[in-house]
Amino acid sequence: MSAIATGGRRRGTSRLGWNLLGLLVFVTAGFPVYWMVDTAFKPAKDAIDPDPSLLPTGLTLDNFHRALDIADFWGPVGRSLIVSLSVVAIGIVVGLLAALAISRFAFRGRKIVIVGILAVQMVPAVSMIIPVFLLLNDLGQYDKLTGLIITYLTFILPFTVWTLRGFVVNIPRELEEAAMVDGCSRTGAFLRVVFPLLAPGLVATSVYGFIQAWNEYLYALMLMSQENQTATVWLGNFTTKHGTEYAPMMAGSTMMAVPIVVLFLLVQRKMAAGLTAGAVKG
Amino acid sequence: MSAADTTTPAKVPPPRPAPQRALPDGPRRGRTANGAPVPWLLLAPCLLILVLVMGYPLVRLVTLSFQKFGQSQLWGFQPAESVGFDNFSTVLGDGEFWAVVLRTIVFAAGCVIFTMVVGMLIALLLQRVSGWLKTLINIVLVASWGMPVIVATTVFKWLFDSDYGILNALLSKLPGVELIGHNWFASGPQGLAVIMLLVVWGAVPFVVITLSAGLTQVPQELEEAARLDGANGWGVFRHVTLPILKPIIVMLTTLSVIWDMGVFPQVFVMRNGHPEQEFQLLQTYSYDRAFVVNDYAQGSAIALLTVLLLLGVVAVYMRQMLKIGEVE
């Protein structure tokens, strides 16, 4: 808050102006989320009021009941959980090993590996859907959760490696070296010194990877059949030929978004720090 | 910036000398020369997965785009035969393709610029508002950042609904505006503008939070010194803050370019899975060719051209990322 302290001396009078502008940002940025939750709890007839009230008009759970009825909800959620948790569990271990390799070792080919990992991240996932679809089809992994898990792994791995690298390089090498001078093996130094310092970063990266896997849409749509759909695809059930049931759809959206947003609130500070730490040093 | 740029080594302006921040630990890694296999062992699982599930399809994408591959090849009724550059000449000779390319570039550029400018302004604003408001704004930003793209798209669809959408109702309250029943998606440019708003709304929080974190690292003394030397607010920003933030800005722009060129679900879901011709961006166009027209080869050719185009755009920034990787 030191910035505020210095600003406060000279511009105490203009603080009100900044705050008004800040409130405007607050309202604009928050409105879509507010409106989603507001619609979700609204009686269905108020949701299609041609002159809608901006404030909550009532509190009902009808839309949630309707959302749960419209198509199986817990099946898709369960499948999404299995996929996302597996992706994270595998991704974080594999990613950490790779991150250690590129941040703590000098070896021939290191640069190529880094370029490769960065380059992979730049290939838009959508471009790969055709060959991945054909590949999984050939391997008999179409409509299988394992196929989806392997595919998502390749999406989160580059990001995981790059982010963890940021966390690793922020841990002074001297700490590790001191432990080794004191008689620790390289592995011992890592487990006793680096790992505890890295833990918060690992948690944050895991949660972020989880969210990415959970939110993926296109591959879930293309690689899974209707009866094996995941949570994001489930949300499409509200739009039929006859129109869209908006109020239950907002209830469904709320159910999908709230757990993810809460998770996100818990870890984002760590994530942002990890992402920029490496950058500022450059 | 064209695809041709990928073939020539990226010309990057020489890095501006880093603002005076001492970097005590330069590249200092000896001692590992004898342990050469260790890093490769650590890397092995990661590389294995990437090569199998990313490398192979990438190669397949290339071979596919030189074949004739439609429904009958998919079911194995006919072998896929090579057709040379036919797919590419068909795609490149198609006026619609070029319209899509242009639309995608304009759309992505709009998203990136809009995101970065709004993000920077909000980050600077956050330094000047009261603590409680800063917390509130941060919570809202993180909430909208964390919103699954599909949920956000669904919500925007509801906000912009022609009959019951809140936006039309609110805008119609303004004097002289009558928008009840207005369909925002009747025309491509207007619909894409709404989608751009959606993309920017989702992307700004990441930029704001990252830039805010970066701003806290700008040494107070430097800003104060610049002020004492007579720099005004803009001068301080331009000559002190911006150079220090440059690595972050470059990184954010890179990521934004990648993400915004890859926009797919927003358009796809907003148009109920069947984007009209006016809404097609490169990604949806490739998808459309492959899975709607069932010409997988042509779809692959378009996807490949997209990747090349993107590499051209991003090649310049890649070096910056590498520099970050080099430092430690």
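## Where two chains meet

Which residues in H2(A) meet residues in H6(B)? In this predicted model, the H2(A) side consists of Pro32(A), Trp35(A), Met36(A) and Thr39(A). Facing them in H6(B) are Ala152(B), Val155(B), Phe156(B), Trp158(B) and Leu159(B). Sorted by type, the residues of this contact are eight nonpolar, one polar and no charged.

Now look at how the helices are arranged. H2(A) packs against H6(B), which covers residues 149-159 of chain B, at an angle of about 80 degrees, and the axes are 10 Å apart. Angles of 65 to 115 degrees count as roughly perpendicular, so H2(A) is roughly perpendicular to H6(B).

## Two domains in chain A

Chain A is assigned domain 1 (2-67) and domain 2 (71-281). Taken over C-alpha atoms, their centres are 31 Å apart. Where they touch, domain 1 of chain A contributes eleven residues and domain 2 of chain A contributes nine.

On the domain 1 side, helix H2 (15-40), helix H3 (44-47) and helix H4 (62-70) of chain A each give two or more residues. The residues on that side divide into seven nonpolar, two polar and two charged.

## How confident is the prediction?

For the complex, the predictor gives an ipTM of 0.81 and a pTM of 0.81. Chain B has an average pLDDT of 81, and 85% of its residues score at least 70.

Over residues 1-33 of chain B, the pLDDT is below 50, and this stretch has 27 contacts in the model beyond near neighbours in sequence. Here is a handy rule to remember: where pLDDT is low, the predicted coordinates should not be read in detail.

Terms used: Residues are numbered from 1 along each chain as its sequence is written. Chains are lettered from A and ligands numbered from 1 in the order in which they are written. This is a predicted model: local features need pLDDT of at least 70, side-chain atom pairs count only at pLDDT 80 or more; totals for chains, interfaces and linings use all residues. pLDDT is the predictor's confidence in each residue, from 0 to 100. Two residues are in contact if their C-beta atoms, placed from the backbone, lie within 7 Å. Domain bounds come from an automatic or database domain assignment. Helices (H or I, at least four residues) and strands (E, at least two) are DSSP runs, numbered from the N terminus. Ala, Val, Leu, Ile, Met, Phe, Trp, Tyr, Cys and Pro count as nonpolar, Asp, Glu, Lys and Arg as charged, and the others, Gly among them, as polar. Axes are lines fitted to C-alpha atoms, for helices over the stretch in contact, and angles run from 0 to 180 degrees between N-to-C directions. Angles under 35 degrees count as roughly parallel, over 145 as roughly antiparallel, 65 to 115 as roughly perpendicular and the rest as oblique.
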